[in-house]
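Trainee: I would like to learn how to read helix packing and aromatic pairs in a model. Could we work through one case?

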Amino acid sequence: MGRVARLSAGPLSEFGELVQSVGMIVDDELGPALGDDGVEGEPLEIVAAARRLAQVWEDAAQWTLYCRSVRVDPTVQRAAELLSNISSNMLDEIWSFGHSFIPRLEEAIETHADDDADIVIVQMALTLTADLDEFNEEISRLGRDLT
């Protein structure tokens, strides 16, 4: 059976750190590895950034499983469920980005293979979305009920 835990700032801050990690990897590692306009990318650095992003995905998957397997007091059960849904959404978005990344690069290269241009520009964005309204409402309800 699952572990017993309280919904606290600890797991919430862990999730926040995962989200921040994704931003840092994309902005500070993957972006520079791909190169600025007119600058050749660094394949080994792209692979390293992709591996780090895959590790964050794995960490988020484990975090989501933890949220889903933990036994909590019934008064906070809904908040725990909503929290796992938020991280599940992040997993889907990272998964989709990761699996479309190489095919989009290959498509761009193939599309411009016959061009005289030495540079191929591919624009991609990883956007993590989280609908926190229902979760925030549940936390507010808990705050009112528990005080």
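Trainee: Which residues in α2 meet which residues in α3?

Mentor: Keep in mind that this is a predicted model. Contact is read from heavy atoms within 4.5 Å. On the α2 side the residues are I46, L53, W57, A60, A61, W63, T64, C67 and R68. On the α3 side they are A80, L83, S84, N85, S87, S88, M90, L91, I94, W95, F97 and F101.

Trainee: How many residues of each class does the contact of α2 with α3 have?

Mentor: There are 15 nonpolar residues, five polar ones and one charged residue in that contact.

Trainee: At roughly how many degrees do the axes of α2 and α3 cross?

Mentor: A crossing angle compares N-to-C directions and runs from 0 to 180 degrees. Here helix α2 spans residues 43-69 and helix α3 spans residues 77-111. Their axes cross at roughly 155 degrees and come within 9 Å. Angles over 145 count as roughly antiparallel, so α2 is roughly antiparallel to α3.

Trainee: Is the crossing of α2 and α3 left-handed or right-handed?

Mentor: The α2 and α3 crossing is left-handed.

Trainee: How many aromatic pairs does a search of the whole structure find?

Mentor: The search finds three. One of them is formed by W57 and W95, with 5.2 Å centre to centre and 45 degrees between the planes, which makes the pair tilted. Planes under 30 degrees apart would count as stacked and those over 60 as edge-to-face.

Trainee: Which parts does the pair of W57 and W95 tie together?

Mentor: W57 lies in helix α2 and W95 in helix α3, so the pair links parts that are 38 residues apart in sequence. W57 is partly exposed, at a relative accessible area of 26%. W95 is also partly exposed, at 46%.

Trainee: What kind of aromatic pair do F97 and F101 form?

Mentor: F97 and F101 form a tilted pair, 5.8 Å centre to centre with 45 degrees between the planes. These two are four residues apart in helix α3, so about one helical turn separates them.

Trainee: Are F97 and F101 buried or exposed?

Mentor: Buried means under 20% relative accessible area. Both F97 and F101 are buried.

Trainee: Where is P32 placed?

Mentor: P32 is in helix α1, residues 9-34. P32 is partly exposed, with a relative accessible area of 46%. P32 and E42 are ten residues apart in sequence, and their C-alpha atoms are 8.4 Å apart in space.

Technical notes:
Residues numbered from 1 in each chain as written. Predicted model: local features only at pLDDT ≥ 70, side-chain atom pairs only at ≥ 80, totals over all residues. Heavy atoms only, no water. Parallel < 35°, antiparallel > 145°, perpendicular 65-115°, else oblique. Left-handed = near helix turned anticlockwise from the far one by under 90°. Nonpolar A, V, L, I, M, F, W, Y, C, P; charged D, E, K, R; others polar. Phe/Tyr/Trp six-rings, centres within 6.5 Å; stacked < 30°, edge-to-face > 60°. Buried < 20%, exposed > 50% of the residue type's maximum accessible area, 1.4 Å probe, protein only.
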